[in-house]
Amino acid sequence: MAKLLHQPREDAEFDFILGMSGVPILAYFTGTWPKAIEPCRAMDLVVSAVAEDYAGRLTAVRTDITRCPAATERYGVTGAPSYVLLKEGEVVAHGTGPMTIAEVREFLDGHL
């Protein structure tokens, strides 16, 4: 089974995943500071479930803000959790804060 949720360890790996994907990318940005830990952990489950539901139509990339600072800056991410939907390398949507599975699906369906 293919990996459904990628977790790059650095910006170069993030860029490699983006370059290799033939489908839209949901870059999900997380943080490890105290106020971000719980919301991001909750979103890990949501994004993993959505990645499974959209397998073959979407690549999900869990991106740690600390490990991928260039990607964080490039996409204007200022907090966690945050979401950037990319199609053919272009940003088509931004989202922030905790979301339910239904809210993430709605966020994606409006742009896929």
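A residue is called exposed when its relative accessible area is over 50%, buried when under 20%, and partly exposed in between. The exercises below concern a predicted model.

**Exercise 1.** Find the salt bridge between Arg41 and Glu38 and state how the two residues are placed.

*Solution.* 
1. The closest N and O atoms of Arg41 and Glu38 are 3.4 Å apart, and the cut-off is 4 Å.
2. Arg41 and Glu38 lie three residues apart in helix α2, so about one helical turn separates them.
3. Both Arg41 and Glu38 are exposed.

**Exercise 2.** Determine which parts of the chain are linked by the salt bridge of Arg105 with Asp53.

*Solution.* 
1. The closest N and O atoms of this pair are 2.2 Å apart.
2. Arg105 belongs to helix α4 and Asp53 to helix α2, 52 residues apart, and the pair links distant parts of the chain.
3. Arg105 has 33% relative accessibility and therefore counts as partly exposed; Asp53, at 43%, also counts as partly exposed.

**Exercise 3.** Check the length of α2 against 1.5 Å a residue.

*Solution.* 
1. With 20 residues, α2 should span 28 Å.
2. The end C-alpha atoms of α2 are 30 Å apart, which agrees.

**Exercise 4.** Describe the sheet and the packing of α2 on it.

*Solution.* 
1. The open sheet has five strands, ordered β1-β3-β2-β4-β5, with mixed pairing.
2. Helix α2 (residues 34-53) touches β1, β2, β3 (59-64) and β4, and its direction makes about 165° with that of β2.
3. Buried residues of α2 include Cys40, Met43 and Val47.
4. The buried residues of α2 pack against α4 (101-109) as well as β1, β2, β3 and β4.

Methods
Residues numbered from 1 in each chain as written. Predicted model: local features only at pLDDT ≥ 70, side-chain atom pairs only at ≥ 80, totals over all residues. Heavy atoms only, no water. Pairing = 2+ DSSP bridges. Helix = DSSP H or I, 4+ residues; strand = E, 2+ residues; numbered from the N terminus. Contact = heavy atoms within 4.5 Å. Axes fitted to C-alpha atoms, helices over the stretch in contact; angles between N-to-C directions. Expected span 1.5 Å × (residues − 1). Buried < 20%, exposed > 50% of the residue type's maximum accessible area, 1.4 Å probe, protein only. Salt bridge = Lys/Arg side-chain N within 4 Å of Asp/Glu carboxyl O.
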